[in-house]
Number of protein chains: 2
Amino acid sequence: MNFTSLHEFVALAKSRPKRRIAVAAAEDEEVLSAIYQAYLQGIAEPVLIGKTSRINVIAEANGYDLSPFQIIHEESPEKCAEIAVNLIISGNADILMKGAISTAPLMRAVLNKDGGLRKNDLLSHFAFIQTKYYHKLLAVSDAAMNINPSLQDKIAIIKNCTEVFIKLGAEKPKIAVLAPLEKVNDKIQSTVDAAMLKKMNLTGEISDCLIDGPLALDNAVSKKAAEHKGIVSELAGDADLLLAPDLNAGNILYKSMMFLSDGLSAAVILGASAPIVLTSRADNELSKMYSIALAASLV
Amino acid sequence: MNFTSLHEFVALAKSRPKRRIAVAAAEDEEVLSAIYQAYLQGIAEPVLIGKTSRINVIAEANGYDLSPFQIIHEESPEKCAEIAVNLIISGNADILMKGAISTAPLMRAVLNKDGGLRKNDLLSHFAFIQTKYYHKLLAVSDAAMNINPSLQDKIAIIKNCTEVFIKLGAEKPKIAVLAPLEKVNDKIQSTVDAAMLKKMNLTGEISDCLIDGPLALDNAVSKKAAEHKGIVSELAGDADLLLAPDLNAGNILYKSMMFLSDGLSAAVILGASAPIVLTSRADNELSKMYSIALAASLV
């Protein structure tokens with residue numbers, strides 16, 4: 001099962017019961033716009049938590065009819081995050097979305113040991129990117145959360161990502177562990193980690209996916225490039241997911257596809273007991289809507 | 001002075017006396033093809049060093065007339081590299097090009113303390129990339145040589161790159177020091193290095209260029225993204241050069257623009273007393289020719 005368009009997530013989300021999305025500090029014009037579009041598309045039922053008066057001003061200015069929405073008044077962004085997290089814990093919401101709150105306090109509420117949303121070993125960022133330069137959606141992780149992931153962290157990131165593919169009905173995602181070259185060089189940790197991850201996949205320690213690496217990006221995404229270099233790999237030119245060496249590389253890879261190519265993305269934070277939508281100001285409207293649709297497809 | 005097309009280097013190289021290019025271990029079909037095209041374009045006068053019989057077989061099979069070329073017979077690739085380096089030292093060649101020889105022995109000849117081509121503190125890879133997703137050529141360094149550059153190494157890379165722009169008649173290249181975000185975070189070395197490089201530029205310790213950083217890629221190449229995030233920088237959206245945090249990120253950035261976008265590139269190794277052309281099998285014909293043209297424009 002290959003995904004070729006982010007719009008498939010909109011269709012998928014629409015085909016299922018509407019997911020309730022708790023927006024922490026919803027008094028943000030761009031977030032409200034994205035959530036309203038998602039509501040109109042029939043993919044999400046918003047629960048807005050935040051400054052009611054400010055939310056209403058934004059809604060009026062933009063002509064949004066918020067009467068079908070549940071709105072919970074709360075001034076403090078930190079408390080908004082707690083309320084949103086509690087809605088998910090109590091089964092009254094399915095997805096968490098970041099509004100006018102910084103990432104740090106939102107994550108504190110998520111990771112709170114007493115009543116947070118901890119589930120897997122680690123939270124990680126996951127993005128599907130649609131580009132005409134690849135024959136299917138290409139996933140990238142981690143472009144935004146983990147600064148310098150250890151081998152154990154990379155195993156946790158792979159687990160988070162693999163769960164996405166399985167939830168979407170895809171089998172054994174092909175994961176290319178990126179490095180600057182194919183040879184293991186002990187001066188380049190990314191090549192060492194990649195070789196170990198591949199080995200752990202072969203022995204079954206990491207399952208439900210097919211891992212190859214170290215692979216340079218050209219050989220991960222271009223069969224022609226791989227053939228040219230004599231690289232034999234089931235993944236070459238057909239990777240579903242690019243596992244970045246670290247945040248520097250992951251962030252630059254993601255942004256290169258978005259700002260120096262024609263990329264469109266859908267991104268979520270994985271590893272908590274609910275998907276977290278954490279869009280950035282730099283994302284365009286469509287990407288924000290796709291992120292909500294992807295999150296709705298995962299619960 | 002803005003470059004918008006790699007073809008400008010072909011025009012520039014053509015307008016000047018032909019540069020002599022010493023090809024070490026020239027018995028390589030793709031290298032010979034690139035060098036022959038460059039010769040036909042009038043931008044390089046090849047000196048081929050290598051296995052004469054093999055060179056002639058390739059030339060005959062492809063219909064190349066090598067009669068105007070100087071050919072020096074040598075079986076050993078290592079000795080070919082030494083001969084090529086000596087041709088440059090003696091003033092009988094201007095550019096070094098890698099043929100059927102690994103990078104390591106070629107670099108050993110270049111870096112040889114007794115009679116190599118050492119000049120600046122460090123050798124570094126430099127690429128100009130042409131893409132319809134940017135309003136001018138975008139340079140990237142270092143995508144291929146320096147694994148984990150220290151602050152001092154980054155200063156040396158910036159010096160190498162700045163020399164390129166100055167040689168091409170451009171003034172004060174705008175250098176964006178990339179990181180995953182704009183805030184300095186002592187857990188992310190790329191942000192710390194970037195802040196120090198910016199500071200050293202402000203105090204004049206690093207001159208002839210305009211440095212800003214840390215900058216995430218989106219804000220370095222998109223004025224809209226920077227404005228959206230309230231980032232005020234003379235560089236935002238107008239960087240001439242992206243300085244990558246390390247090899248992982250640099251290599252992935254370069255390859256993303258080449259294999260997940262529409263990029264065409266011209267690349268050279270800088271820092272030696274002559275430009276070094278070190279094309280890869282994965283490069284297309286046009287990129288190889290542009291690399292030779294760029295090298296010819298730098299001497």
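1. Two residues are taken to be in contact when they have heavy atoms within 4.5 Å of each other, and the interface described below rests on that cut-off. The model itself is predicted.

2. Because 100% of the interface residues of chain B are also interface residues in chain A, the two copies meet through the same surface. The contact draws 40 residues from chain B and 40 residues from chain A.

3. Chain B can be superposed on chain A with an RMSD of 0.0 Å by a turn of 180° and a shift of 0.0 Å along the axis, which means that the chains have the relation of a two-fold axis. Within chain B, the residue that comes closest to this rotation axis is Ala249(B), whose C-alpha lies at 2.0 Å.

4. Between them, chain B and chain A bury about 3300 Å², with 68% of that area on carbon and sulfur atoms. On the side of chain B, the residues losing the most area to chain A are Tyr133(B), Ile252(B) and Leu260(B), which together account for 22% of what that side buries.

5. The two chains are also joined by 2 salt bridges, one of which links Asp218(B) to Lys255(A), with the closest N and O atoms 3.6 Å apart. Three helices of chain B, α8 (217-221), α9 (223-228) and α10 (247-259), each supply at least two residues of the side that touches chain A, and α10(B) gives the most, with 10 residues.

6. Elsewhere in chain B, strand β2 (residues 44-50) pairs with strand β3 (residues 70-73) in the parallel sense over 4 bridges, and Gly50(B) has His73(B) as its bridge partner in β3(B). Together with helix α3 (residues 52-62), these strands make a right-handed β-α-β unit.

Note on methods: Residues numbered from 1 in each chain as written. Chains lettered and ligands numbered in written order. Predicted model: local features only at pLDDT ≥ 70, side-chain atom pairs only at ≥ 80, totals over all residues. Heavy atoms only, no water. Pairing = 2+ DSSP bridges. Right-handed = clockwise from strand over helix to strand, strands pointing away. Least-squares fit on C-alpha atoms with pLDDT ≥ 70 in both. Buried area = accessible area lost by both parts, 1.4 Å probe. Salt bridge = Lys/Arg side-chain N within 4 Å of Asp/Glu carboxyl O.
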